[in-house]
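Subject: Structure for your files

Hello,

Here is the structure you are taking over. Notes on what was found follow below it.

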Amino acid sequence: MFGSSLELRDANKTVTYSGSPEEIEAECEALDALDKETEMRRTAAAVAAFATGVLCMIGFVTDSFWMVGICFALAVAALVYRASIGSDDIEDRKLATARELLSALAPELKRGRPVKLDLDFRLYDNDRTDGVWMTLATTLEDGTGLALDVSTHFKRKTRAKRKYTKIKDKIHERLTLTFTPPKGRRFVPDAKARIAPTRLPALALRAVKVSPKATTLTFSSPQMLRVRGRGGWNNGGLTHLIDEKAALFAIIASYRALAESGVSQAS
């Protein structure tokens, strides 16, 4: 799904939504509309800055210094405006993944129980984030609680070149699922050995922890390479980022493993 066309963005924006799936979808739709409007405004501001910059140069060549002053001021104003709305230009992948996952889960959720969704649109190398970019908490139809989070992890190497610095990021993503039993039920701790063989085509199961009140499964994507060279970042290697399909498959496989392993019984 992802690759060279993927655009990773560092937007200083986090959102928290709570309510029914329909209410959260309405919030996400509004956020998506704001993102698209912001993209158009940022493009228009960049075009305006370029055009006024060209006029500034023409004024300089023709000794029209009044034109230089006006055009320079307009170019700076356009760039400042473009930067000021940058936090609303978010990474499309994160929002789309959350919306499509919630849409797929909605028919299986317990009605009347609120869903909570947190999204962090800061990039994985932003010092103000721990890499967790989506957290979803909900209740399934049978009363089983589900908490999900997706995070991005990286190791960076840099090498100074003559005219630029080459950066290599080794990246992988983690999906953590935590199930809590329905009221009056509990999980059997020794079921860990029966859950561990769970296999998925796109994710590897890295850890399983079972206690009477919660079962946590941690999955990891394959390692990917992202490189920044002279021409900027190349995202072509990011082909295994976690999307809604990988997350949904993990939820289904994990839930079935819990059920088939007989890990739930009356308290």
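How many residues does the hairpin that joins E4 to E5 run through? The hairpin passes through four residues. Please keep in mind that this is a predicted model.

Strands

E4 covers residues 145-160, and E5 covers residues 165-180. The two run antiparallel and are joined by 16 bridges. Within this pairing, Leu148 stands opposite Leu177 in E5.

E4 also pairs with E3, a strand of residues 132-139. That pairing is antiparallel too, with seven bridges. One of the residues involved is Val132, whose bridge partner in E4 is Ser151. E3 and E4 form a hairpin as well, here with five residues between them. In its turn, Gly143 has a positive phi of about 95°.

Cavity

Searching the whole structure for cavities of 30 Å³ or more turns up one. The volume of this largest cavity is about 100 Å³. It is lined by 14 residues, and the closest to its centre are Arg93, Leu123, Tyr124, Thr152 and Glu173. Two elements give two or more residues each to the lining: helix H3, which spans 92-105, and E5.

By residue class, the lining holds six nonpolar, three polar and five charged residues.

Regards

Key:
Residues are numbered from 1 along each chain as its sequence is written. This is a predicted model: local features need pLDDT of at least 70, side-chain atom pairs count only at pLDDT 80 or more; totals for chains, interfaces and linings use all residues. Side-chain values use heavy atoms; hydrogens and water are left out. Two strands pair if DSSP finds at least two bridges between them. On a 1 Å grid over the protein atoms alone, a cavity is a set of points where a 1.4 Å probe fits but cannot get out, and a pocket is an open set with protein on both sides within 12 Å along at least five of seven lines; lining residues have an atom within 4 Å of a point. Grid points are joined across faces, edges and corners, and a volume is the space filled by probe spheres set on the points. Ala, Val, Leu, Ile, Met, Phe, Trp, Tyr, Cys and Pro count as nonpolar, Asp, Glu, Lys and Arg as charged, and the others, Gly among them, as polar.
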